[in-house]
Amino acid sequence: MISIKNLHASINGKEILKGINLEVKAGEIHAIMGPNGSGKSTLSSVLAGREDYDVTEGEVIFNGKNLLDMSAEDRAREGLFLAFQYPIEIPGVSNINFLKTAINEIRAYNGKEAIEAKDFLALIKEKQKLVELDSKLTGRSVNEGFSGGEKKRNEIFQMAILEPKLAILDETDSGLDIDALRIVANGVNKLHSKNNAFVVITHYQRLLDHIVPDFVHILFDGRIVKSGTKELALELEAKGYDEIKHQFEKLQG
Amino acid sequence: MIAERSITTQKIIEAISAKANKVGFVVDTELTEALQFLETNGIPNNKHEDYKYCNMDAVFKKEFKNITQEFNEIKNTDVKPYKLEEAINLVVANGTYNESLSDKIIVKGITIKCLNDLTGNSSPVGNLAKSNSDAFVALSNAFSGNGIYVQVQKGNLIPMPINIIYINSAKEESLINPRSFIHIQPNAEVTITERFVNVGKKAFSNFLSEKLIEENAKLTSYSIQEEGNESFSVNTNQVKVGRYATYDNTTITLSGQLVRNNHNVVIAGENSQSHLNGLFLTSGTQLVDNHTLMDHQVPNCESSELYKGVINEKSTGVFNGKIYVRKDAQKTNAYQSSKNILLSDDGTINTKPQLEIYADDVKCSHGTSTGKIDENALFYLKARGIGDESARKLLLAAFANEVVDKIQIESLKTHLETELNKLY
């Protein structure tokens with residue numbers, strides 16, 4: 001699905017990612033954990049195509065194509081999805097118009113005709129149920145006046161509509177109460193199949209009680225310093241990040 | 001200085017006098033005053049505070065050296081694209097009300113006349129717009145065409161909009177002075193669209209409209225400026241709002257090499273409301289200059305203004321909003337907002353709120369913002385597969401729609417959305 005090799009990235013001359021290596025296959029769920037400032041959000045932004053970052057070294061192959069050569073919109077059209085940590089409010093652009101434009105641009109890229117109005121409405125209805133999103137919200141402007149939980153659910157709703165091959169969830173659990181967390185996790189679990197993959201970026205272990213990862217990676221100072229199975233997350237929860245920091249600093253001498 | 005200014009003015013006066021109609025609906029004293037004002041003050045240049053960004057004298061010197069005042073005949077087919085299906089369509093062709101191009105009036109409560117049918121001292125024309133206020137008012141008072149008078153009689157709620165099309169068809173450089181007087185009598189209500197189009201060559205349109213809204217009456221007015229980028233215009237609205245009356249105007253500028261709007265609202269009746277909204281999208285070397293005046297003369301009135309601009313390439317946008325709260329105008333509630341998006345490094349936007357408040361118990365506020373397109377929003381849309389061009393269009397439409405949504409005539413709104421989509 002995606003193969004990240006020796007990825008270095010910096011912003012305003014400051015290096016944040018210092019050689020990331022990660023291989024995600026179809027059907028897998030990977031969790032990336034790490035303390036604040038370790039580069040988690042930078043990684044998701046660089047993969048999604050945010051232009052503020054300079055990739056200085058390394059390569060990312062996504063389904064056989066060089067991801068870093070593509071514009072942000074083409075990455076999305078190829079099946080990459082980023083659920084934003086802080087979804088953007090866009091007053092004046094209705095959710096419906098936004099989603100319809102997105103679906104049709106993706107379809108056009110893949111040589112398909114625009115979606116029929118009735119099929120589109122049916123799709124909206126079906127996916128709204130999946131994330132228990134109030135139908136009133138879809139009629140409003142994108143994320144405008146949404147609560148924190150509603151914004152995150154709207155991200156999962158968009159993901160359900162666009163059916164990406166690879167979804168990166170950037171701290172989707174932050175700011176969610178336990179009910180919203182359950183709804184979000186439920187949505188992800190229902191969408192998960194052998195044909196798609198998820199990268200779940202999180203600071204805490206609690207999301208991983210609901211979305212069970214196949215692999216857990218610990219990101220520290222711009223590198224993946226440890227990888228393992230879901231038990232690693234529990235170990236991290238018990239020991240805290242200080243232990244990791246300590247080990248790492250010892251290694252650095 | 002005066003002598004030099006007069007040269008431009010003198011040339012204009014000579015060029016248009018020869019072919020001008022007799023302006024019978026403006027009283028003689030006003031006419032004399034108009035000519036005197038023009039001779040003394042001339043056409044304003046950029047040393048004039050109100051025309052700082054809009055050197056009209058230079059425009060005439062450069063663009064209108066050979067005013068011919070020759071026009072092509074305007075046919076039904078010229079006007080048809082601008083008629084609105086659901087409206088009563090009226091046509092003012094090269095400044096003259098043209099009955100044969102206009103719809104028949106079958107609705108009760110409306111009187112339509114040529115301005116020339118209103119004569120002498122009983123004519124209300126010129127009561128609101130005084131020559132000594134501005135050179136372009138004086139120019140209109142002296143040389144106005146035989147414009148249109150629209151009256152909605154007492155107590156009539158007109159069920160359909162009135163659409164006035166001001167259409168010009170100059171063969172060569174011409175100066176046209178279209179004019180209207182809109183009179184909404186007490187307890188009457190109507191929606192009036194004024195559309196400005198040009199099917200001819202280079203034209204300068206000096207439009208003047210006096211709008212009198214009497215007690216408890218309501219006028220919803222839309223000004224749609226789409227004269228094309230070979231046109232120059234000054235558009236003056238001189239409005240008087242009576243007790244418990246409501247005046248709403250939305251001005252949308254789709255094109256025009258130079259468009260200057262002087263929108264002056266005299267709030268003369270207590271408990272009245274006045275709302276001005278504006279939208280302009282400029283590119284090339286266009287200049288769109290919106291000057292507004294909310295003159296609160298009496299207590300307990302509300303006014304609001306929302307002007308939005310999208311400025312691209314080397315074009316210039318201006319918003320100058322003056323709120324004048326007189327000593328007696330206690331409990332005034334006035335709000336003004338100017339928001340702009342600059343799309344290029346060479347574009348310019350000048351915004352200036354001017355609040356002059358002489359009453360002590362008032363609520364007045366103003367806000368202005370100018371920025372680039374929101375990069376975070378742009379990235380969010382792209383991250384969902386929406387291409388750069390579509391994403392920008394979506395964001396600009398979202399910005400503009402706050403003003404476009406004020407338009408309550410479906411076919412007009414559709415037309416605007418189509419035209420605006422070409423400009424985003």
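Two residues are in contact here if their C-beta atoms, placed from the backbone, lie within 7 Å. I start there because the word "contact" under that definition comes up throughout this talk. By that rule, eleven residues of domain 1 of chain B are in contact with nine residues of domain 2 of chain B.

What we are looking at is a predicted model. The predictor gives the complex an ipTM of 0.95 and a pTM of 0.90. For chain B the average pLDDT is 94, and 98% of the residues score at least 70.

Back to the two domains. Domain 1 of chain B covers 2-269, and domain 2 covers 374-424. Their centres, taken over C-alpha atoms, are separated by 31 Å. On the domain 1 side of that contact, strand S8 (189-198), strand S10 (218-226) and strand S12 (246-253) of chain B each supply at least two residues. The residues on this side of domain 1 divide into five nonpolar, three polar and three charged.

Next, the contact between the chains. Chain A puts in 19 residues and chain B puts in 17 residues. Within chain B, helix H6 (375-382) and H7 each supply at least two residues of the side that touches chain A. Which element gives the most to that side of chain B? That is H7(B), with seven residues. By type, the side of chain B that touches chain A has eight nonpolar, five polar and four charged residues.

One residue to look at here is Ala377(B), which lies in helix H6 of chain B. Is Ala377(B) buried or exposed? Ala377(B) counts as buried, because it has 21 C-beta neighbours inside 10 Å and the cut-off for buried is 20 or more. Leaving aside neighbours within four places in sequence, Ala377(B) is in contact with Ile88(A), Ile90(A) and Leu395(B). The C-alpha atoms of Ala377(B) and Asn229(B), which are 148 residues apart along the chain, are separated by 32 Å.

Now the core. In soluble globular proteins, nonpolar side chains tend to be buried together. In this model the largest nonpolar core has 183 residues. The residues with the most contacts inside this core are Ala83(A), Ile168(A), Val200(A) and Ile184(B). Helix H7 (residues 388-404) of chain B gives the most to this core, with eight residues. The core also draws at least three residues from each of domain 1 and domain 2 of chain B.

Take Val200(A) from that list. Leaving aside neighbours within four places in sequence, Val200(A) is in contact with Ile29(A), Ala31(A), Leu169(A), Leu207(A), Ile211(A) and Pro213(A).

On to helix H7 of chain A, residues 178-191. How far apart should the ends of this helix be? At 1.5 Å a residue, its 14 residues should span 20 Å, and the end C-alpha atoms are 20 Å apart, so the two agree. The buried residues of H7(A) are Ala180(A), Leu181(A), Ile183(A), Val184(A), Ala185(A), Gly187(A) and Val188(A). What covers them includes helix H4 (117-130), helix H6 (148-162) and strand S10 (197-202) of chain A.

In the loop between strand S9 (166-170) and H7 of chain A sits Glu171(A). Glu171(A) has a positive phi of about 45 degrees although it is not a glycine. Glu171(A) counts as buried, because it has 21 C-beta neighbours inside 10 Å.

Chain B has a residue of this kind too: Lys331(B) is not a glycine, but has a positive phi of about 55 degrees. Find Lys331(B) in the loop between strand S17 (316-325) and strand S18 (333-342) of chain B. With 16 C-beta neighbours inside 10 Å, Lys331(B) counts as partly exposed.

Pro353(B) lies in strand S19 (residues 348-357). Pro353(B) counts as partly exposed, because it has 18 C-beta neighbours inside 10 Å. Leaving aside neighbours within four places in sequence, Pro353(B) is in contact with Gly321(B), Gln336(B), His366(B) and Thr368(B).

Lys80(B) lies in the loop between helix H4 (76-79) and strand S1 (88-93) of chain B. Lys80(B) is exposed, because 11 other C-beta atoms lie within 10 Å and the cut-off for exposed is 12 or fewer. The C-alpha atoms of Lys80(B) and Leu378(B), 298 residues apart along the chain, are separated by 39 Å.

Methods:
Residues are numbered from 1 along each chain as its sequence is written. Chains are lettered from A and ligands numbered from 1 in the order in which they are written. This is a predicted model: local features need pLDDT of at least 70, side-chain atom pairs count only at pLDDT 80 or more; totals for chains, interfaces and linings use all residues. Helices (H or I, at least four residues) and strands (E, at least two) are DSSP runs, numbered from the N terminus. The expected span of a helix is 1.5 Å times one less than its number of residues. pLDDT is the predictor's confidence in each residue, from 0 to 100. A nonpolar core is a set of buried Ala, Val, Leu, Ile, Met, Phe, Trp, Tyr and Cys residues joined through C-beta atoms within 7 Å. Domain bounds come from an automatic or database domain assignment. Ala, Val, Leu, Ile, Met, Phe, Trp, Tyr, Cys and Pro count as nonpolar, Asp, Glu, Lys and Arg as charged, and the others, Gly among them, as polar.
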